[in-house]
Amino acid sequence: MGVSKLDVLYRRLLLTKLFIRGWGRPEDLKRLFEFRKIIGNRERCQNLVSSDYPVYIDKMEEQSDCKILDGHFVSPMAHYVPGIMPIESVIARFQFIVPKEWNSKHRPVCIHLAGTGDHHYWRRRTLMARPMIKEARIASLLLENPYYGCRKPKDQVRSSLKNVSDLFVMGGALVLESAALLHWLEREGYGPLGMTGISMGGHMASLAVSSWPKPMPLVPCLSWSTASGVFTTGVLSKSINWRELEKQYYTQTVYEEEIIHMLEYCGCVKNLYLVPVDPSLIIVVQAKEDAYIPRTGVRSLQEIWPGCEIRYLEGGHISAYLFKQGLFRQAIYDAFERFLHKYAN
């Protein structure tokens, strides 16, 4: 199967570079790798965020078909790896879109994590959350990624993360922040609870659900079993500041030591994903001609998560994002139905 010409063209039109400052501070990389060992262990990770972790609602707006609540909380990442996050990212912010009426005794909620470049809430609210209210009476909680929107550092240009370490900070923070929100939703009486995301958001949602100690619907869209190929062989690789990365790697011994240790632990697919409690609740939606998410040479998610379902769409990454949102939503509905059939009283 070939790759989408639209994906290739779209990437060429974007001039921004990623990781312009290189790998990040060696001491930061070391702290992140040590912390990754903790959150990569489900038993240890589930004790990092308490079931009563404080979450605050700042305002509520009533609309014709739903209520929209804005809230915030302190990212647990700031407690466990102090100083690792930019000051602007320490406060996690979210928007909660809730139907005015439910169509059953259940109050289902899906957490949506943001894909690359998805700042603030408008895209997810318009393309996913509002239709999900209308079609299925499923509420949506939209968490803003660290380094994005209101959480973007002042010296960062758009979505261009300055350091490779920023990506690891984002991933670790989202795992813990998702746990805080899941605990809060449970306290408020919502359920069943599930997670989804498109592209990078699907990858981050997969990490979060893998660390959660209960069965949960998961729909990663346009993501796969590892993110490494995205940056090394996919069309996004041409946006990487390889010159600076290679310079640091070959001229500074401290980087060489720490990076070899990044690559050995985080580059292994099995280390990236634990097996979620119930893989039968996972529906992966993938584009056949995706030039952003290479599948050649990496293990299938069905190998890593036996029992999950893979649904393939015609076309590439960009066309799927623009025109296949309805199929993403249907996969979410089907995953929630599976949960209710299997676990509802």
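Guide: Start with Ala331, which is buried, at a relative accessible area of 0%. The model is predicted.

Visitor: What makes Ala331 buried?

Guide: Buried means under 20% relative accessible area. Ala331 has 0%, so Ala331 is buried. The residue lies in helix H14. Leaving out residues up to four places away in sequence, Ala331 touches Val219, Ile283, Val285 and Arg311.

Visitor: How far is the C-alpha atom of Ala331 from that of Ile282?

Guide: The two C-alpha atoms are separated by 9.2 Å. Along the chain, Ala331 and Ile282 are 49 residues apart.

Visitor: Is Arg329 buried or exposed?

Guide: Buried: its relative accessible area is 12%, and the cut-off is under 20%. Arg329 is also in helix H14. Neighbours within four places in sequence aside, Arg329 is in contact with Leu127, Met128, Pro131, Met132 and Glu135.

Visitor: Which residues make the contact between H5 and H14?

Guide: From H5 come Leu127, Met128, Pro131, Met132, Glu135 and Ala136. From H14 come Gln325, Phe328, Arg329, Ile332 and Tyr333.

Visitor: How do you know that the length of helix H2 agrees with its number of residues?

Guide: H2 (residues 26-39) has 14 residues. At 1.5 Å a residue, the helix should span 20 Å. Its end C-alpha atoms are 20 Å apart, so the two values agree. The buried residues of H2 are Pro26, Asp28, Leu29, Leu32, Phe33, Phe35, Arg36 and Ile39.

Visitor: What is the phi of His120, and of Arg158?

Guide: Phi of His120 is near 60°, a positive value in a residue other than glycine. Arg158 is not a glycine either, and has a positive phi of about 50°. His120 is in the loop between strand E4 (109-113) and H5. Arg158 is in the loop between strand E5 (139-143) and H6.

Visitor: What kind of peptide bond joins Gly191 and Pro192?

Guide: A cis bond, with omega about 0°. Pro192 is in the loop between H6 and strand E6 (193-198).

Visitor: Which residues touch the most other members of the largest nonpolar core?

Guide: Phe73, Met77, Phe94, Phe96, Leu141, Leu185 and Met195, in a core of 72 residues. Helix H6 (residues 164-187) gives the largest share, 14 residues.

Visitor: What is Phe96 in contact with, leaving aside its neighbours within four places in sequence?

Guide: Its contacts are Lys67, Ile68, Leu69, Val109, Ala139, Ser140, Leu141, Trp184, Leu185 and Tyr190.

Conventions. Residues numbered from 1 in each chain as written. Predicted model: local features only at pLDDT ≥ 70, side-chain atom pairs only at ≥ 80, totals over all residues. Heavy atoms only, no water. Core = buried A, V, L, I, M, F, W, Y, C linked by side-chain atoms within 4.5 Å. Buried < 20%, exposed > 50% of the residue type's maximum accessible area, 1.4 Å probe, protein only. Helix = DSSP H or I, 4+ residues; strand = E, 2+ residues; numbered from the N terminus. Contact = heavy atoms within 4.5 Å. Expected span 1.5 Å × (residues − 1).
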